[in-house]
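Me: I'm new to this structure and would like a close look at one part of it. Could you walk me through the sheet and then a single residue in a loop beside it?

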Amino acid sequence: MITTTIQNDLFIRAAFSQQTERPPVWMMRQAGRFMKEYWDIKNKYSFLEMCKTPEIAADVTLLPVDLLGIDAAILFSDILVTAEAMGGELSFTQGVGPRFANPIRNEKDIDALSIAVEEKLRYVADAIRVVQQRLNGAIPLIGFAGAPFTVLSYLVEGGSSKDFKLTKLFLNNHPALAHKLLDKIATVTITYLNMQIAAGVNALQLFDSWALALSWDDYQEFAHQYNVKIIAELKRTGIPIISFCKGSSVFAPLMAEARPDVISVDWNADLRRIKQTLPKGIAVQGNLDPFVLYADQAVIKKKIIQLLERMRDEEGFIFNLGHGIMPDIPFDNVKFAVDVIKEFRY
Ligand code: CP3
């Protein structure tokens, strides 16, 4: 492992609620399809080949570093690699998204899943080491994993879902089985994130992307308690943990109980109000509606400045989108947005 002091540590300081000269900026799905340079690589390999080949994963991780000048890199990978390592037969098809050929239907399916994933996920640790060598301390690298509920939803649905019908049926009719599965995923996630820390990531984000599908009570029972356990078991000295869910403006008070360093907030919320309701020492990340990035640049600038001004006196603010960049957002608009934020001064 190489440990260097980080030259641009705006992101780390903001994540630990320290003062910064301006807000740091990175964007979810920054390593992706809105860049022509991504397609130059993607046209030669499948998505999983890209994830599993450390040199290629590193190349893609660094695209937004070189082309956008963001303040933090996020490892090119996917939240579903843990489920694949456990035995899920995962494929990604253009226009369809992720698919598991062997969805979870009963206890036998759950018992068949392995929790011995470290060897199978070694390629992620290798990719982290390649990225860190190439970054050479310029900016921090964020690692990540899917949270148990969100990963369960893909395993049970066999892919993406609009209404999470099968997932909710499973939780409602078979809560004991759901807990058995969530517990296994949580165990794997702890192993996996600690492996990423050992390989040298500078921060971690836990994606509970679809937790908003759950009621308040079900969120606590099937999502929150596992996230609490994961965050508690990370060997996180000096490494900030970001907790993300779409719906964080609803669940923020609960998410704060898990003691992440940062809560990533969707665009429904007044970010300043959310920040002020959180315990001191928890920073916020967010929360521009990514659809703004389709608009005219004058509009993009106005909406970004509005958000930056609103957060002006708040320590602990990382600029991000409320969710990921869509693949057809014009690259120039994303670059423009990053430049607007980087020119801003508190
Ligand atoms: O943020 C980054 O740039 C880092 C890489 C990253 C990817 N996926 C690459 C990816 C990260 C952090 C993720 C996380 C992820 N993956 C989440 C959580 C974030 C969120 O959006 O809520 C989820 C739910 C997934 C599952 C997933 N992966 C879906 C639903 C899809 C298909 C739908 C879609 O957006 O295309 C993927 C595929 C995927 N993951 C792609 C990329 C670049 C597209 C692959 C391709 O080129 O076809």
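**The sheet and a loop residue**

Reply: Happy to! Seven strands make up an open sheet with parallel pairing, in the order β1-β4-β5-β6-β7-β8-β9. At its edges are β1 (73-74) and β9 (317-321), each of which pairs on one side only. Keep in mind that this is a predicted model.

Strands of a sheet pair through backbone hydrogen bonds, either parallel or antiparallel. Here, β6 (residues 241-244) and β7 run parallel and are joined by three bridges. If you look across from Ile263 in β7, you will find Ser243 standing opposite. Elsewhere on the sheet, helix α10 (residues 175-199) lies across β4 (141-146) and β5 (203-207), and the helix runs at about 170° to β4.

Now follow the chain on from β7. Between β7 (262-264) and α13 (271-277) there is a loop, and Asp266 has its place there. Is Asp266 buried or exposed? Asp266 counts as buried, because it has 21 C-beta neighbours inside 10 Å, and 20 or more is the cut-off.

Which residues does Asp266 touch, leaving aside its neighbours within four places in sequence? Asp266 is in contact with Lys246, Gly247, Ser248 and Ser249, and also with Gly286, Asn287, Gly322 and His323.

Finally, a word on the ligand. Of the 23 residues around the ligand, those that come nearest are Ala31, Gly32, Gly97, Phe207 and Ser209. The shell divides into eleven nonpolar, eight polar and four charged residues.

Technical notes
Residues are numbered from 1 along each chain as its sequence is written. This is a predicted model: local features need pLDDT of at least 70, side-chain atom pairs count only at pLDDT 80 or more; totals for chains, interfaces and linings use all residues. Helices (H or I, at least four residues) and strands (E, at least two) are DSSP runs, numbered from the N terminus. A residue is buried if 20 or more other C-beta atoms lie within 10 Å of its own, exposed if 12 or fewer, and partly exposed in between; C-beta atoms are placed from the backbone. Two residues are in contact if their C-beta atoms, placed from the backbone, lie within 7 Å. Two strands pair if DSSP finds at least two bridges between them. Axes are lines fitted to C-alpha atoms, for helices over the stretch in contact, and angles run from 0 to 180 degrees between N-to-C directions. A residue is near a molecule or strand if its C-beta atom, placed from the backbone, lies within 6 Å of it. Ala, Val, Leu, Ile, Met, Phe, Trp, Tyr, Cys and Pro count as nonpolar, Asp, Glu, Lys and Arg as charged, and the others, Gly among them, as polar.
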